[in-house]
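Thanks for coming. I have one protein to go through today, so please look at the screen.

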Amino acid sequence: MRKIISVAILSVFALASYPAAAQMKIAVLDYQMALLESDAAKRYSVDAEKKFGSQLQRLKNLESEAKRLQDRMQRDGEKLGQTEVEKIELEFRQKAREFQVQSKELNDAKAVSDREMLEQLKPKLDKAVEGVLQAGAYDLVIDRSAVVEVKPEFDITRQVIERLNSAR
């Protein structure tokens, strides 16, 4: 009996609050998209490619050299002498080790650079989001990842990107 009364009371409250909920202004925002599609993030991406391009090229070269050695071992392994096989295996292990070290260094440097960019851009993005929210007088903003489908008129991501791009 107590459970039925509780359900009835909750139902009454839900129905009573329905008109208020119907008046709410709701929006959806893809925060990550707003960040990544901004002009500043695109500039950073180009700059990062220039900054880390030579390291990435070295990694690709190491990878192709290691692959070449591995292919040679599979192709000619039976024809080669024991010392030649050991020499190729040693060179392969050295290339693999060097690849791992340089790959870790590149990943670490890129992560530091990404964090620095995010630290610079996040306050600007937050300000752009706040401006769009105030201009639209939204009562509720939901993250895009929590929404299955949304009509385009409720998605304010593009507005945030435009405001972020116009703020210098």
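Of the 168 residues, 24% count as buried.

Bear in mind that this is a predicted model. Mean pLDDT for the protein is 84, with 86% of residues at 70 or more. Confidence is lowest in helix H1, residues 2–22, where the mean is 50. It is highest in helix H5, residues 157–166, with a mean of 93.

Now the layout. The protein has 5 helices and 2 strands, and along the sequence they follow the pattern α-β-α-α-α-β-α. If we take the contacts with a separation of 6 or more, 83% of them are between residues 24 or more positions apart.

There is also one annotation to mention. UniProt, in an unreviewed entry, places a "coiled-coil region" at residues 52–79. In the model, that span is 89% helix and 0% strand, and its end C-alpha atoms lie 41 Å apart.

Back to H5. Which of its residues are buried? They are Thr157, Val160, Ile161, Leu164 and Asn165. Viewed down the helix axis, these buried residues fall within an arc of 130°, so they line one face of H5. The cover over them includes strand S1 at 26–29, helix H2 at 31–36, helix H3 at 39–76 and helix H4 at 82–136.

Let me stay with one of those residues, Asn165. Its relative accessible area is 17%, and buried means under 20%, so Asn165 counts as buried. What does Asn165 contact, once its neighbours within four places in sequence are left aside? The answer is Ser38 and Asp39. A polar atom of the Asn165 side chain lies 2.8 Å from the backbone nitrogen of Asp39.

The last item is Ala137, in the loop between H4 and strand S2, residues 140–143. Most residues other than glycine have a negative phi. Ala137 has a positive one, near 50°. Is Ala137 buried or exposed? Its relative accessibility is 52%, and the cut-off for exposed is over 50%, so Ala137 counts as exposed.

To recap two points: the buried residues of H5 line one face of that helix, and H1 is where confidence is lowest. That is what I have; comments are welcome.

Terms used:
Residues are numbered from 1 along each chain as its sequence is written. This is a predicted model: local features need pLDDT of at least 70, side-chain atom pairs count only at pLDDT 80 or more; totals for chains, interfaces and linings use all residues. Side-chain values use heavy atoms; hydrogens and water are left out. pLDDT is the predictor's confidence in each residue, from 0 to 100. Helices (H or I, at least four residues) and strands (E, at least two) are DSSP runs, numbered from the N terminus. Buried means under 20% relative accessible area, exposed over 50%, partly exposed in between (1.4 Å probe, protein chains only). The arc is that of the directions from the helix axis to the C-beta atoms. Contact means heavy atoms within 4.5 Å. UniProt positions are given in the numbering used here, feature names are shortened, and annotations may be inferred rather than shown by experiment. A polar contact is a pair of N or O atoms within 3.5 Å; within protein, one must be able to donate a hydrogen and the other to accept it, and residues adjacent in sequence count only if both atoms are side-chain atoms.
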